[in-house]
Each structure stands twice: as C-alpha cells, then as structure tokens.
Amino acid sequence: MSRRFRAVLFDLDGTLLDTLADIADSANAALERLGLSGWPIEAYRNFIGDGVENLARRIIPADRQQTDFLQQFAHLFREEYGRRWTQSTQPYPGIPELLDILTAHQVPMAVLSNKPDEFTQQCVQRFLGRWPFRMVLGERPGLPRKPDPAGALQMAQALQTPPEAILYVGDTKTDMQTARLAGLFAVGALWGFRTAEELLAHGAQQLIAHPLDLLPLLGLPILGSKTTSS
C-alpha cells in the first residue's frame, strides 16, 4: 500500500469520543430549566454536530426561537454540560488502539470540532491526553464553523501536510462536506452518530466500520484482532 496519506484529522463527538448521553442529558436539563420538554437520547444523534446554536434551533419549538431565548438556552446548556461532560463520555472501542498505532508510526494527528473550544480542549485533555495531537480546535470567535473549510486548512498547515495527503475522519454530513471543501480525503466513521447513507450522500470517499480499518489507508497493517473494549 502506498503512503498517499500521511496525516489524520479527526472530528471529536461521534468519532473519537462517544459524548451522546452527556450532551443529551445537558440539553434536556437546559430545556427543563426553560420550561420545555426534553428529547430521547437517541434523537440527539441527528441534532448535534453543528454547534450549540444549531442544536438550539433543532430542539426548541419554532414559536420560541427568538434570538434572546436561543442565547439563553446556549448559556444554560454550557452550564449543564460543565457539570455532566465526564459522566458517560469515553473513547469509542478501538480508538485507543488506533491512536497508539498512529503515534508509534509518528503519523501527525489533529482534532477539529464544532463543540465549543473550551469543552473541546477539556475533552481531549481528559480522555485523549496521552496522545500527541498537533492541534486541537473547537468552535471559537474568528474561526468559521464546519463545514467551512477554514479550520481544516489551518489544521493542514499545523500538520505540515498538503490537504490531499490528509485523511479526515468524521461521522456526519458536516464532516464529509468539510473534508471535500478543504481538499482532504473524506472518511466516514460508521460507529458514530449518523448513517452510511448520509455520509455517502455528502461526499464520503471511504466508509469504515471500526477505527482500525483506517490503518490500511495509511499503508499500515492491522495487527492482531479488533477489540471491542476501549
């Protein structure tokens, strides 16, 4: 296998970390404080991935979507998530093994998320801190939210790798669109929040069912059996 690809850019939620329950619980707690009903945890698979503002628009009734109300939700959500972000979150099975192998082979890695930057940094440090990511970026002022390619192109510079030599691994249409707009190779993670149909419809160039399935794209062998524990 040729080494066409030399670096990896990861999405965070739904790709490296299973954050679904903590995000859903935090959002439902914020809704309750606003006098609104919550949603089933599984419904949040289709709600998250595009930042807190879009999350608010998707879960708050249309007749309550005044700007100040949406901002109030965002504030309350950040409060609630600050209390809950470690309760259920953990790396997906196979992610620690993948990161170990990439690190051993000195493959440059980075993380780009639409999660607020404060929580992005905290999650990576808490759950993924033993691996050497070159750069970690979340949603912040001055950085357009994915699928705008600006963040991915900034990552390419940090990785010192041309975009066409970078694998972008993500689990939503936003990730696939980001990869294609930035000229990265779009890899859809089937263990995440969205379906294969969505990923393919929005530009996925490869689908992988397990994190270690990424290794052949980098010319690296899969040694041993894939584990189901993290």
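Before the first stop, one rule: a charge sits over a ring if NZ of Lys or CZ of Arg is within 6 Å of the ring centre and within 35 degrees of the ring normal. You're looking at a predicted model, where local features need pLDDT of at least 70, side-chain atom pairs count only at pLDDT 80 or more, and totals for chains, interfaces and linings use all residues. Residues are numbered from 1 along each chain as its sequence is written, and side-chain values use heavy atoms, with hydrogens and water left out.

**Stop 1: Arg126 and two rings.** Select Arg126 and Trp85: the charged end of Arg126 sits over the Trp85 ring, 6.0 Å from its centre.

**Stop 2: ring pairs.** Rings of Phe, Tyr and Trp (its six-membered ring) pair if their centres lie within 6.5 Å; planes under 30 degrees apart count as stacked, over 60 as edge-to-face and the rest as tilted. How many aromatic pairs does this rule give? The count is 7. Pick Phe73 and Phe77, a stacked pair at 6.1 Å centre to centre with 25° between the planes. They are 4 residues apart in helix 3 (residues 67-84), so about one helical turn separates them. (Helices, H or I, of at least four residues and strands, E, of at least two are DSSP runs, numbered from the N terminus.) Phe73 has 0% relative accessibility, so it counts as buried; buried means under 20% relative accessible area, exposed over 50%, partly exposed in between (1.4 Å probe, protein chains only).

Go back to Trp85 and Phe127, an edge-to-face pair: 6.0 Å between centres, 90° between planes. This pair links distant parts of the chain, 42 residues apart: Trp85 is in the loop between helix 3 and strand 3 (90-91), Phe127 in helix 5 (residues 117-128). Both Trp85 and Phe127 are buried.

**Stop 3: the core.** A nonpolar core is a set of buried Ala, Val, Leu, Ile, Met, Phe, Trp, Tyr and Cys residues joined through side-chain atoms within 4.5 Å. The largest one has 60 residues, and Phe10, Phe73, Leu128, Phe133 and Leu214 have the most contacts inside it. Helix 3 gives the most to this core, with 7 residues.

**Last stop: Thr15.** Find Thr15 in the loop between strand 1 (7-10) and strand 2 (17-18). Is Thr15 buried or exposed? Its relative accessibility is 1%, so Thr15 counts as buried. Leaving aside neighbours within four places in sequence, the contacts of Thr15 (heavy atoms within 4.5 Å) include Phe10, Tyr92 and Trp191.
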